[in-house]
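Here is a briefing on a two-chain model. Look over the sequence and the structure first, then read the points below.

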Amino acid sequence: MINSTHKIKIAIASGKGGTGKTFVATNLFYALQQAKIPVTIVDCDAEEPNVHLFISGCLTKSFDVTQKVPVINESICTHCGRCHKYCSYNAIFHVPTLQVIKVMEDLCHGCGACFVACNDSAITEKQSVLGTVKRFDLANQFTMIEGRTKIGVYSSVKLIKAAIAEAGSDSVVLFDSPPGTSCPFIQTAHLADFVVLVTEPTPFGLSDLKQSVETLADMNKPMGVVVNRAGIGNSDVYNYLKEKKIPLLMEIPFSREIALTYSKGLLISAMDEVWLGKFRQLFDTLTPHSWK
Amino acid sequence: MEIAVISGKGGTGKSSFAASLASLAKNILLADCDVDAANQYLLFQPQHTEEEVFVSGQKAVIDYSVCTNCGKCIDYCGFDAITTVDGKVEITKISCDGCRLCERVCPFKAISMIDNDKSRLYSGTFRYGHMVYGRLAPGEENSGRLVSLVREKSKQMAVENDHDLILYDGPPGIGCPVISTITGIDKVIIVTEPTRSGLHDLQRAMDAVFHFRIFAMVVINKYDLNHEMTTEIKQYCKLNNVPVVAMLPFDPVVTEAMVNGKSYVEWAPDSVVSINTSRVWEIIKTRTP
């Protein structure tokens, strides 16, 4: 039966890279799929998307995400320099004395200020590709969506938004978030109802966890923590969670078996019923009544 | 000479490896370019830190004593950052890109810009030389620009203090901050791990490195966790003429060292990871002009 708890959006995130975000997100997806709860997973780590290594389906849709960049018609341009002045990203290179004007497309954010600036209608727009969003359907109501940036693109934010929009809101939606606490992460977390932070109990893990927690607290986002590779490191992460009253949702011990399964691109919850049960349980602890 | 350690995928052990290389070098400028999640300072506790404010950009704010809620700014914003909430025009802080277009088009001059000034650039000394690192405040953008400043500062301090070698601990991914880290440097060491994700991200990182025509070397960390994947990574590297300069086994001493505030070559100099890492250092040293 589908109810409102089956429509929440959960971001799986971490400040530090490689703590096991994708591991948690993909196994959670599998556990929901096995429980016949409609679910969509969105790979928002558009610089290095990895979900497709663990979950495959039929490619049913693919589209480019673009942004507008200016094209300056030099036969009309009067070299007044207003577009250069309006550009906040130094994307218009202008040497008036030499009558040189050039658009640096890599630096352009597509804000459109230069179009407004130009009084001579010398600027037209063209579309520049930022990356691709692909939709893979596994079966009715089970979907994987991937955002993938083109190499050399400055920001993945627009692509992430497009990938998340493609997911809609008729199922549980899991976001495999980009690492860090800058804009790509914030955009992803902003669109989620709950954020699961995955960390490891080490000094690097704790330092990065603190940054993520502070960022999410500023955003008033409900959150919980999964400690991966439990058993390595020390107890500082646990003390921190207690002190901040942040729920510890799950512990995943360090094991060579789990590491090996992951390394092959396989899901532990598909290999081992105990883990299937644990991830199903993780979802239950995330239903709204437990955090509201 | 400038060398960067990058990884594509996060968590492959890039920072621990870079910290160990720095410990072996003894006289070095170490710069942490992972401005989103700087970690080297945790191990090396740098001293006499100089702190500089980094303005990462600007955000638009509305003066409601002047705003007439005409909505012109909404039409012009290219980032969907301005909406009407209960008849009142509001800017969503996290979506604002700081382009200033709304400020320019507002007929009532009700919009002004404020600096994002929470990010910092730090520099100082540590036990093996000098250290530079940046910390980007949560939610602030322009990490590539901060990385460029980290590099400028590093080069300047290296000259002032006679360091021949600058080692950059790079950010994960292949986006703007990574490009800023590797543009124009001499060598890149890519630290990977024998997992499907590790190989996939290595390939994306390698494409970025080839794009900038930089000499690359690969280190396979935790190679014994999956021998088949390790073989696959080695074949991929061979095919692309990129040397695999070290294979490091999985060893709990790496985490133990971190917990004790040391690099692993300091903590366990006789371990296989340390011995193999020192071979990489020998390669770098002999090839340094």
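Which strands of chain A does helix α4 (residues 157-167) lie across? Helix α4 of chain A lies across β2 (39-43), β3, β6 (123-139), β7 (142-149) and β8 (172-176) of chain A. Its direction runs at about 165° to β7(A). Keep in mind throughout that this is a predicted model.

**The two chains**

- Chain A has 10 helices and 11 strands.
- Of the 292 residues of chain A, 49% count as buried.
- The C-alpha atoms of chain A fill a box of roughly 70 × 45 × 35 Å along the principal axes.
- Chain B has 11 helices and 13 strands.
- Of the 289 residues of chain B, 52% count as buried.
- For chain B, the C-alpha atoms take up a box of roughly 70 × 45 × 35 Å along the principal axes.
- In chain A, 75% of the contacts between residues at least 6 apart in sequence join residues at least 24 apart.

- An open sheet of 9 strands runs in the order β3-β6-β7-β2-β8-β1-β9-β10-β11 (chain A), with mixed pairing.
- β3 (58-72) and β11 (248-253) of chain A stand at the edges. Each has a single partner strand, so one side of each is left without a neighbour in the sheet.
- From one strand to the next, the twist averages 20°.
- Strands β9 (residues 194-199) and β10 (residues 223-230) of chain A run parallel and are joined by 5 bridges.
- Within that pair, A:Val198 stands opposite A:Val226 of β10(A).
- Helix α5(A) packs on the sheet and touches β1 (9-13), β8 and β9 of chain A. The direction of α5(A) makes about 155° with that of β1(A).

**A hairpin in chain A**

- β4 (residues 92-95) and β5 (residues 100-103) of chain A pair in the antiparallel sense over 4 bridges.
- A:His94 has A:Ile101 in β5(A) as its bridge partner.
- The hairpin has 4 residues between the strands. A:Gln99 takes a positive phi near 55° there.

**Nonpolar cores**

- The largest nonpolar core has 139 residues.
- Which residues have the most contacts inside this core? They are A:Ile12, A:Val42, A:Leu174, B:Leu167 and B:Ile190.
- Helix α1 (residues 21-34) of chain A gives the largest share of this core, 8 residues.
- A second, separate core has 28 residues, including A:Tyr86, A:Ala117, B:Ala81 and B:Cys106.
- Leaving out residues up to four places away in sequence, B:Leu167 touches B:Ile3, B:Ala18, B:Leu21, B:Ala22, B:Ala25, B:Ile28 and B:Leu30.
- In soluble globular proteins, nonpolar side chains tend to be buried together.

**The interface**

- 48 residues of chain A are in contact with 50 residues of chain B.
- Four elements of chain A give two or more residues to its side of the contact: α3 (113-117), α5 (183-190), α6 (203-218) and α8 (256-263).
- The largest share, 7 residues, comes from α6(A).
- By class, the side of chain A that touches chain B has 16 nonpolar, 25 polar and 7 charged residues.

**Single residues of chain B**

- B:Lys109 lies in the loop between α4 (101-105) and β7 (111-116) of chain B. Its phi is near 50°, a positive value in a residue other than glycine.
- B:Lys109 is exposed, because 11 other C-beta atoms lie within 10 Å and the cut-off for exposed is 12 or fewer.
- B:Asn241 sits in the loop between α8 and β13 (244-248) of chain B. B:Asn241 is not a glycine, yet has a positive phi of about 55°.
- Is B:Asn241 buried or exposed? B:Asn241 is exposed, with 7 other C-beta atoms within 10 Å.
- Most residues other than glycine have a negative phi.
- B:Glu232 lies in helix α8 (residues 227-239) of chain B. With 14 C-beta neighbours inside 10 Å, B:Glu232 counts as partly exposed.
- B:Glu232 and B:Lys262 are 30 residues apart in sequence and 32 Å apart in space, C-alpha to C-alpha.

Definitions and conventions. Residues numbered from 1 in each chain as written. Chains lettered and ligands numbered in written order. Predicted model: local features only at pLDDT ≥ 70, side-chain atom pairs only at ≥ 80, totals over all residues. Contact = placed C-beta atoms within 7 Å. Nonpolar A, V, L, I, M, F, W, Y, C, P; charged D, E, K, R; others polar. Buried ≥ 20, exposed ≤ 12 C-beta atoms within 10 Å, placed from the backbone. Pairing = 2+ DSSP bridges. Axes fitted to C-alpha atoms, helices over the stretch in contact; angles between N-to-C directions. Core = buried A, V, L, I, M, F, W, Y, C linked by C-beta atoms within 7 Å.
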